[in-house]
Amino acid sequence: MAQPDNKKFFENLTGAGKSIAVLTSGGDAQGMNAAVRAVVRMGIYVGAKVYFVHEGYQGMVDGGDNIKEAKWESVSSMLQVGGTVIGSARCKDFRTHEGRLKAAHNLVKRGITNLCVIGGDGSLTGANLFREEWSGLLAELVQQNLIDEEAAQKYSALHIVGMVGSIDNDFCGTDMTIGTDSALHRIIEVVDAIMTTAQSHQRTFVLEVMGRHCGYLALVSALACGADWVLIPEMPPEDGWEEKMCQKLSAKRAGMKRLNIIIVAEGAIDRNNQPITSEHVKNLVVQCLGFDTRVTILGHVQRGGTPSAFDRILASRMGVEAVLALLETTANTPACVVSLCGNQSVRLPLMECVQMTQQVQKAMDEKKFEEAVRLRGRSFENNLRTYKLLAHRKPESELPHSNYNVAVLNVGAPAAGMNAAVRSAVRVGISEGHKMFAVSDGFEGFYKGQIKEIKWADVGGWTGQGGSLLGTKRTLPAKYIEKIAEQMRKYNINALLVIGGFEALECLLQLNEARAHYEEFCIPLCMLPATISNNVPGTDLSIGADTALNAIVETCDRIKQSASGTKHRVFIIETMGGYCGYLASVGGLAAGADAAYIYEEPFDIRDLQSNVEHLTEKMKTSIQRGLILRNENSNENYTTDFIYQLYSEEGRGVFDCRKNVLGHMQQGGAPSPFDRNFGTKIAAKAMQWITKKLNESYRQDEGRVFANTEDSACLLGMRRRAMVFQPVVQLKDETDFVHRIPKEQWWLKLRPLMKILAKYKTSYDVSDSGQLEHVALNRPRESEATAAI
């Protein structure tokens, strides 16, 4: 049946005759270069002229060589570079009318009427003021005979699109700003390193992180490393916090913990708006407890280094979206920012976002701290709530008593972030009054009776651990269903939380079917997706996939660097993922690959030939390196060896080839900040759902839990902008069980971006783009996942 043709393709949009300038302003942030690269290449791709404005607004005011036309090759090899290669500066001149007049003259001389600004709220506010004054500035230039009437008519409207580049994540309207994830990587690397030395000497460490007016970095890094105490400007501690903090640190030491971590945002304040410094916190601990205490101020380390995979993908998506927004804008379109909501890029009116960001500071100045947290958005609120739930254990007397027993287990291959999810589930479960049980080695351990009660302290320090501390196996329950039912009876298990990949989904389906014969399985069953392959239906993202992406991108960076200074070289890299091409495709976008071969997008010898020809053409320019990714099961005949040999033969005399199979290094390592927080928050949400279901399905007269409806066996996943519980039975129709992948996968829409940025002619569906939305305080169930971070 023919589908209604309401799709919109970007091939129908043209930039011919348009000039776009891109600038970075304010504080630098990792990922800005990826955004600049995407704007330049997308702009050139659609036929527009693209200009770099060096040194931010200062370069626009000074003109001359600061405004240069960009070529395709100008942005080669900048994807992995931190900071901003086109420079950024805080500019006093642009704040004056004369400065803006000079800037307008410099733009009009080059026919530039489209401006893409990457910066914080100050930079974006300045851009909006410039836009509002534009017609007046042009009239002045005509009066001064610097431009003629014709030019004033031709360039009568200035169009502005902003992208938020700020490590603080302090801009309302977007879940994540460019640079935040990379800054969290820097913080977590330092915390993980400090923990080992603190452990050795039984020390307390006070870490000061950036965030003058926003506590996001402090809060999320505290959540990601399980810090004992966190101080942020949006929610100052209650009066008498000093004593409470010291009591908590003392109790931790009494519980045989050898270290304490306290995280302080540089803008932390008390209830009277007086600053709380890291030095003050250190002195408190020394005076009250006598603990050996050290202060570490992270400073500009957080701004530096290479951007994370998340920031590269975010910036590339935003850069392409910004060009689309400029192509579609009219004289009446307000200046907009392209931002991220959940897993979707959206356009929002720039000044609405700026005004709400300013309202946060106003609320803090007026000591309306609850209001400040609310204005920061649902994800910030959720981070704060989750941190409080997991970091501060209530005394036994204050805990509810539910008499329910909940078991947690891992299934399938290990994925980084599984341990963070288990820790979160155990602690939230205990806070809800349940008795928590840990099952070792998945369902194999279950039928063998490897089940034991797990306490609050047992999961301390688990967030930063890779792999699966509970142990995980691929064994499915169907074969041992009777023995498993027997163990369920023995331990009186009232609910089950299964954390794992595709096998976990199969397990839940088998347990759901077993309900017809065994009442033991008529209980709430919940699954959390955790697999590096990201091949579970019902969710856009899985725990572990971000860590694997970072491993791939880091390795690709090193491999590409190994060819610098050598002759032209192409690398063929094989990634994991089974039949799912997520790692190859999204890793390819983040690493700047020329092609990524995957099962979902069939290819033949003609495609391989055209890729070789395309690379041969590129190698004749200044580009020296090529990168090809291949998913391990993309094609049974076109193996990695075959592709390597084909490229070696066809490229002979132009480039040589090397191949690399990344293997299990993609599965190991410490979890990324994203996976720690995604695992932590998704598990907390799952445990709250389990509690609700247990209470709903408890039969008073029989004194037991009985839940056998479809909606009592669910997968909790992230879909576009929301976290959704979906009955596993309903997911059966969405699943290709032969190849163990979902039938529809959102990330396939990102593949054209990789091709466009690698200079391939392709079709790109932009039906989701183009809607200018409005900033709402409580957007429709704003993502609590990507926002996790």
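The model is predicted, and local features need pLDDT of at least 70, side-chain atom pairs count only at pLDDT 80 or more, and totals for chains, interfaces and linings use all residues. Residues are numbered from 1 along each chain as its sequence is written, and side-chain values use heavy atoms, with hydrogens and water left out.

Helices (DSSP runs of H or I, at least four residues) and strands (DSSP runs of E, at least two) are numbered from the N terminus. Helix α7 spans residues 216-225, and ten of its ten residues are buried, so this helix is largely enclosed by the rest of the structure. Buried here means under 20% relative accessible area, exposed means over 50%, and partly exposed lies in between, with a 1.4 Å probe and protein chains only. The buried residues of α7 are Y216, L217, A218, L219, V220, S221, A222, L223, A224 and C225. Just after α7, G226 has a positive phi of about 70°.

Helix α6 includes T180. This residue is buried, with a relative accessible area of 0%. Contact means heavy atoms within 4.5 Å. When neighbours within four places in sequence are left aside, T180 is in contact with S166, I167, D168, N169, Y216, L217 and D311.

Side chains of opposite charge can pair when their charged atoms come close. A salt bridge is a side-chain nitrogen of Lys or Arg within 4 Å of a carboxyl oxygen of Asp or Glu, and the structure holds 39 of them. One of these joins K659 and D641, with 2.2 Å from N to O. K659 lies in strand β21 (residues 656-661) and D641 in helix α21 (residues 640-650), so the pair ties together parts that are 18 residues apart in sequence. K659 is partly exposed at 39% relative accessible area, and D641 is partly exposed at 38%. A further salt bridge links E366 and K368, whose closest N and O atoms are 3.1 Å apart. E366 is partly exposed, with a relative accessible area of 39%, and K368 is partly exposed at 45%. E649 and R652 also meet through their side chains in a salt bridge, at 2.7 Å from N to O. E649 is partly exposed at 44%, whereas R652 is exposed at 60%. Salt bridges that share partners also join R474, E503, E506 and R740 into one network.

A disulfide is a covalent bond between the sulfur atoms of two cysteines. Here the term is applied to a pair of cysteine sulfur atoms within 2.5 Å, and a search of the whole structure finds zero. For C288, the closest cysteine sulfur is that of C246, at 3.9 Å, which is too far for a bond. C288 is partly exposed, with 48% relative accessibility. For C353, the closest cysteine sulfur belongs to C172 and lies 8.0 Å away, again too far for a bond. C353 is buried, with a relative accessible area of 1%.

Pockets were searched for on a 1 Å grid over the protein atoms alone: a pocket is an open set of points with protein on both sides within 12 Å along at least five of seven lines, whereas a cavity is a set of points where a 1.4 Å probe fits but cannot get out, and lining residues have an atom within 4 Å of a point. Grid points are joined across faces, edges and corners, and a volume is the space filled by probe spheres set on the points. The largest pocket has a volume of about 1,600 Å³. It is lined by 50 residues, of which D228, K248, K252, A391 and H392 are the closest to its centre. Two or more lining residues come from each of α6, β7, α8 (241-254), α13 and α14 (418-431), and α8 gives the most, with six. The second largest pocket has a volume of about 930 Å³. Its lining has 35 residues, with R90, G120, D121, G122 and S123 nearest its centre. The largest share of this lining, five residues, comes from α4.
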